[in-house]
Amino acid sequence: MKCKLFFLLILSSTSLSAQLNLVRDNTLIIEENNIIFNSALAGGINAAQFSNLDLNLDGVMDILIFDKSGNRINPFVNQNGSYTYAPEYRQFFPELHDWAILEDYNCDGKNDIFTYNNGGISVYQNTSVSELEFTEVTESFILSDYGSNFLNIYMSPVDIPAIADIDYDGDLDILTFSILGGFVEYHKNLSMELYGNCDSLTFEFSESCWGLFYEGLNSYILNCPNCQCPQINQNLQQKQKHAGSTLLAIDIDNDNDKDLVLGDISYNNLNLLINGGDNINAIMTSVDSLFPMNNSNTLPAEISVYPASFYLDITNDGVKDLLVTTNSANNSENIESCWAYENNGQNSLPSFNFIKNDFLQGDMLDFGTSAMPNFFDYNNDGLKDLVIGNYGYHNPNDNPTSSLALLENIGNDSVPRYEIIDRDWLNISTLNLNTTLNIPALNLSPTFGDIDGDNLDDLILGDADGLLHLFVNSGGGIFQLNSPNYQNIDIGQFAQPQLVDVNRDGVIDLLIGEQDGTINYLPNSGTLNNAIFDTIITNWGLIDVDSNLISTGFSSPTLYDSNGVYQLYVGSYSGKTYHFNNIDNNLDGQFSEVNSIISEIWDGGKSSITIADINSDNIADMIIGNNAGGIAYFSSDTTNLVVGSNELEINTKEDFLISPNPAQDLIKISSSVYGIINIYNSTGSIILSKVKNKEEITIRFPNISKGIYVVELNNTVKKLVIDYP
């Protein structure tokens, strides 16, 4: 899809307007230990579900990640065997939640979407022709013939079903757990039997205990004919109500029937159940609790907690590989939760070899659960650095470990570039800020401002208990804990503070968001040298974010002075960024919500934002953190302007590629379009023109300066960043 934008290349004279004009920008370079992240701004991963999908319709399978944490879609395009983050494809997907599995149900070679819907399963057919497109083909749910009537196939939102051709007749069937307990129901697709093709979703309830086994809590009772299990030893697992499981049906031993890989809630391992029957009469005869180690002599899966398995080709060799993740959106592994096993065998006789525990995840910034960024020049070099708080990194034996990450801006005033200096800046994780329990605090949200009038910005942290903690800046990047439980301020839960002069009286005030979605205003009744916050004005501006969606809004306020006028931007649990104005001279009144481009910016649940001009174009930029522990960058839109009277289009499809980008002195432009290439600098001047008369051309830049440029090809433009050591 092409989004029309106007293009003005007069950046130096552009002043910040009340309306922030931002576009997603993946060109920001971030590195750690001298290694540049390939997909730094992909937003982190907590509970990923992996599928293959041809995103750009080039005939090559790409990867789609659906993250249950925040219901976030992360598309990755396959470029010659490596995967490039491509968030522009999100717009083509329907709203998904809880789980999404992509399989080709109508045998047209295009994977369709099976997804959870209110206790059932909905299906969206892949109807892509010239661009990615999905069309819902179930009115609400997939129905199944239960004999007396048609009912929806029950699904729990915490389960993941197996969607596969169970009986090997050419159409997709469904295995899912019964609503009553630990038996697996088999819903047979009758498309081939009734119509002679696979393009229908006509199901019948075929078996109530497929495989003749019962699942307890990570234990199994085999040989249960007619769903009746034999008497078992009282020390073994008794029948219990089903709590939560993930299913994957694959042929592990090349005997033309489906075996079953299961993950259980509250447990770390995967279990492989071997089908000793056939594809018509399944009988599970053995259980391997160390899968896939015993199957292929590799590392057993050990995901803390609630593992899920996915079978797709990630190595581009035409053979499906194994990915193991967590199906728990909370309180589970959150930085090494994507275990990849390469399949050195066949699809129906796999031989798995462990590759890594952070597939794609290790290529992106991931600070565990929740990322709360704040711009702050920690070394006084005039460049905006980043300090990012989090809810915490997963700790299997204790509470999560909350910390601050310091990212130094090692670029320049026009081309920012960040390096992770410290993931536990100031050793915050070791400080017992929770003075009641004498333990470290959770959910550390940073803000900076001069509390004591010494012209040095101090640090205040909000925490999960609704409390604040003051660290005084003594210069040279040294901060000392001054006041845990600062001034006994307690706003409830999940304090998200901002230090800002709200009433413009020359002394700094406090805004604090909280879990219920409202905002607290604490005017400073003290002096420039001695801040006093003795009044809490609740429900400031009558704001209650996400109140129409959920009772817990997790408001995260950022009050920004936009050319002398305050604008308020508020992150939320849903991930929407709310925009309010009518604030100046109305601090006791109701603020006005603005329908702006800001409200369309989304990058996952529990959004937390920070705003600053980091590329010296006099227009604000924004970084957003999310619940998956990652960040996204939205730069000031230098293309939303005009060159002469021409209206140009930004091409978000893959037919116009610039590489590398950022570049130094050479770029390659690939496109099936021929014509004139113009390259503009930041003042709107054309610095180079070249005729493009073949698919790919190379352009060299002698003595080009660092900065942001625009490349135009036949009225289509893309941004180019020039940067070098």
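Which strand gives the most to the lining of the second largest cavity? Select strand E29 (residues 369–376): with 3 residues, strand E29 gives the most to that lining. Strands here (E, at least two residues), like helices (H or I, at least four), are DSSP runs numbered from the N terminus.

Before moving on, some ground rules. This is a predicted model, in which local features need pLDDT of at least 70 and side-chain atom pairs count only at pLDDT 80 or more, while totals for chains, interfaces and linings use all residues. Residues are numbered from 1 along each chain as its sequence is written, and side-chain values use heavy atoms, with hydrogens and water left out.

**Stop 1: the second largest cavity**

Colour them by class and you get 4 nonpolar, 5 polar and 1 charged. (Nonpolar covers Ala, Val, Leu, Ile, Met, Phe, Trp, Tyr, Cys and Pro; charged covers Asp, Glu, Lys and Arg; the others, Gly among them, are polar.)

A cavity is a set of points, on a 1 Å grid over the protein atoms alone, where a 1.4 Å probe fits but cannot get out, and lining residues have an atom within 4 Å of a point. Grid points are joined across faces, edges and corners, and the volume is the space filled by probe spheres set on the points.

**Stop 2: the largest cavity**

The structure holds 3 cavities of 30 Å³ or more, and the largest has about 110 Å³ of space. To centre your view, pick Thr-27, Leu-28, Val-415, Pro-416 and Val-721, the closest to its centre of the 15 lining residues. The lining of this largest cavity has 8 nonpolar, 3 polar and 4 charged residues.

**Stop 3: salt bridges**

A search of the whole structure turns up 14 salt bridges, each a side-chain nitrogen of Lys or Arg within 4 Å of a carboxyl oxygen of Asp or Glu. Start with Asp-25 and Lys-719, whose side chains meet at 2.5 Å, N to O. Asp-25 sits in the loop between strand E2 (22–24) and strand E3 (29–32) and Lys-719 in strand E54 (residues 716–722), so this pair ties together parts 694 residues apart in sequence. Asp-25 is buried at 5% relative accessible area, and Lys-719 is buried at 19%. (Buried means under 20%, exposed over 50%, partly exposed in between, with a 1.4 Å probe and protein chains only.)

Next, select Asp-603 and Arg-90, which form a salt bridge of 2.9 Å, N to O. They are 513 residues apart, with Asp-603 in the loop between strands E43 (592–593) and E44 (608–612) and Arg-90 in the loop between strands E8 (82–85) and E9 (100–103). Asp-603 is buried at 1%, as is Arg-90 at 13%.

Then try Glu-193 and Lys-188, with their closest N and O atoms 2.7 Å apart in a salt bridge. Glu-193 is partly exposed at 42%, whereas Lys-188 is buried at 14%. To see a network of salt bridges, select Glu-31, Arg-417, Lys-706 and Asp-723.

**Stop 4: Ser-429**

Finally, go to Ser-429, in the loop between strand E32 (417–422) and strand E33 (445–449). Buried or exposed? Ser-429 is buried, at 17% relative accessible area. Its side chain joins that of Asp-424 in a polar contact of 2.5 Å.

Terms used:
A polar contact is a pair of N or O atoms within 3.5 Å; within protein, one must be able to donate a hydrogen and the other to accept it, and residues adjacent in sequence count only if both atoms are side-chain atoms. On a 1 Å grid over the protein atoms alone, a cavity is a set of points where a 1.4 Å probe fits but cannot get out, and a pocket is an open set with protein on both sides within 12 Å along at least five of seven lines; lining residues have an atom within 4 Å of a point.
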